[in-house]
Amino acid sequence: MRRRAADYRRPVRRRFSCWIWTLLGIFFVAGFVLFVLHHLHDSEDHVEQQNSDRGSRNDQVVHEHLNFTQEISSAGSYARQLTEQMTLAKAYVIIAKEHNNLHLAWKLSVKIRSCQFLLSKAAMREEAISLDEAEPIIQSLSSLIFEAQDVHYDIATTMMTMKSHIQALEERANAASVQSAAFGQLIAESLPKSLHCLDITLTTDWLKKMLLQDLADKTRNSPRLVDNNLYHFCVFSDNVLAVSAVVNSTVSNANHPQQLVFHIVTNGVHYGAMHTWFLSNDFKGSTIEVQNIEDFRWLNASYSPVVKQLQEADVQKYYFGGSEDANINIEPKLRNPKYISLLNHLRFYIPEIYPQLEKVVFLDDDVVVQKDLTPLFSLDLHGNVNGAVETCLDAYHRFYKYLNFSNPLISSKFDPHTCGWAFGVNVFDLIAWRKANVTAQYHYWQEQNADGGIWKTGTLPPGLLAFYGMTEPLDRRWHVLGLGYDLHIDKHLIESAAVIHFNGNMKPWLNLGISSYKPLWERYVDHNNLYIKGCVNR
């Protein structure tokens with residue numbers, strides 16, 4: 001059979017070629033690969049989300065672990081609810097006891113202890129309190145608080161009762177504070193029996209033994225008393241044993257004690273006792289002069305404003321008459337006769353007392369010397385009158401704490417933040433003192449303070465004013481203060497100090513003296529001499 005021509009042939013069916021199938025296969029494989037990759041990506045995101053959640057939970061645990069106090073402060077925490085309920089329950093315990101409802105008070109106390117135990121347990125394990133732990137206590141405390149309210153222990157009653165308690169406690173605290181201050185002051189002003197015994201025994205010896213008085217006359221004219229090549233110290237006190245400790249500690253630590261001269265001024269009552277003590281004991285060859293303040297005829301009311309003020313009837317009545325109605329504004333803690341003792345103010349008249357001396361070191365009677373003090377005399381004061389240790393490491397010891405800056409006379413001349421300094425160890429250049437006429441400045445400020453409007457009492461405030469701009473700061477180690485009131489002075493600071501100062505009411509010769517500091521003073525007290533005088537037991 002013949003084939004048709006090409007034009008007349010019937011079209012045949014065409015099959016897909018191999019390359020089309022290949023292309024479809026490639027698409028299928030690519031789709032499968034994409035599907036697998038997408039599935040893996042979703043799985044990684046899920047894992048990362050889980051890790052993130054786990055990490056956030058860990059952070060939360062750490063946060064709770066580190067902030068249990070914050071948990072208590074949180075308004076929605078169970079610890080906060082327990083704390084608030086416990087505080088309210090404690091108030092109701094007091095009220096229930098006052099109304100003699102002891103059974104309710106006992107039940108509240110039991111739940112309070114349970115609450116305290118749960119809080120302490122949570123704090124120790126450093127985890128938040130759960131609902132299961134807190135719910136029983138919260139419910140039981142709530143029911144007890146409702147029970148207390150049902151018997152009229154409501155909030156108003158609670159507030160009034162607590163207010164009355166607070167007022168009563170404040171009154172008791174104030175009364176106890178006043179009583180404590182009064183008793184402390186009374187003890188501080190009182191001398192132990194041994195010191196009274198010593199004064200009486202020494203005074204008796206002075207009156208009986210004329211040899212002592214003859215010896216005192218000879219020492220009174222010693223040329224060493226006015227020799228400016230020697231080292232001169234002055235102490236003004238009526239306490240024989242205290243002055244003895246000052247002198248003994250100074251000569252014991254001096255490199256050349258024979259070159260030391262001590263100028264002591266006391267009152268007429270203790271003049272004989274003071275003389276007898278220092279004439280009867282040897283202080284390593286040092287020279288000791290004892291004077292009676294009553295022999296200073298020039299120190300009278302016409303010359304010194306402070307003498308005039310101390311003689312006023314109101315002042316005498318306030319300190320010695322026991323009257324609270326005296327017209328003088330002094331705080332009870334400052335009601336100490338030492339503030340009106342002229343011996344306490346004698347430090348402002350040193351150039352008049354020793355007109356031939358050029359430089360002296362002033363020592364209080366409650367200090368103990370631990371190192372050689374003669375280098376103080378060679379210090380350069382840079383033209384200043386007074387060399388003293390500043391005390392403004394504590395903000396309390398600045399001018400505004402001592403002086404009344406509402407007074408225009410003070411506020412216009414002084415900076416309230418000026419650093420204060422201390423009496424007790426002072427180097428005085430008497431040549432510069434006389435040139436600057438510091439005593440006249442002291443008189444001026446005493447007259448301005450006649451009504452007590454600038455400072456209350458004491459010698460430091462007028463000293464700050466009189467020596468203003470004329471004080472040279474000394475190294476702190478020359479003078480360490482606070483051993484008469486501060487129990488926490490650094491031990492190394494005390495050991496390195498040239499002089500330690502028992503300023504405050506806890507004097508080392510009193511029973512209330514700080515026991516850890518007493519040996520520092522007692523090592524320079526002549527106990528054998530006290531025993532011989534019959535004033536102490538071995």
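Student: Which residue forms a salt bridge with Arg220?

Tutor: First, a heads-up: this is a predicted model, where local features need pLDDT of at least 70, side-chain atom pairs count only at pLDDT 80 or more, and totals for chains, interfaces and linings use all residues. Residues are numbered from 1 along each chain as its sequence is written, and side-chain values use heavy atoms, with hydrogens and water left out. A salt bridge here is a side-chain nitrogen of Lys or Arg within 4 Å of a carboxyl oxygen of Asp or Glu. For Arg220, the closest N and O atoms are 2.5 Å apart, and the partner is Asp217.

Student: Which helix do Arg220 and Asp217 both lie in?

Tutor: Helices are DSSP runs (H or I, at least four residues) and strands are too (E, at least two), numbered from the N terminus. The two residues sit three apart, about one turn of the helix, and that helix is H8.

Student: Is Asp366 buried or exposed?

Tutor: Buried means under 20% relative accessible area, exposed over 50%, and partly exposed in between (1.4 Å probe, protein chains only). Asp366 has 6% relative accessibility, so it counts as buried.

Student: Which side chain meets Asp366 in a salt bridge?

Tutor: The N to O distance is 2.5 Å. The partner's loop runs between strand S9 and helix H21, while Asp366 lies in the loop between strands S4 and S5, so the pair ties together parts 141 residues apart in sequence. With 12% relative accessibility, the partner counts as buried; its name is Lys507.

Student: How far apart are the end C-alpha atoms of helix H5?

Tutor: The expected span is 1.5 Å times one less than the number of residues. H5 has 20 residues (131-150), so it should span 28 Å. The model agrees with that, as the end C-alpha atoms are apart by 27 Å.

Student: At roughly what angle do the axes of H9 and H10 cross?

Tutor: Axes are lines fitted to C-alpha atoms, for helices over the stretch in contact (heavy atoms within 4.5 Å), and angles run from 0 to 180 degrees between N-to-C directions. The axes of H9 (residues 240-252) and H10 (residues 271-280) come within 10 Å and cross at roughly 35°.

Student: Which residues in H10 meet H9?

Tutor: On the H9 side, the residues are Val240, Leu241, Val243, Ser244 and Val247. Across from them in H10 are Ala273, Met274, Trp277 and Phe278.
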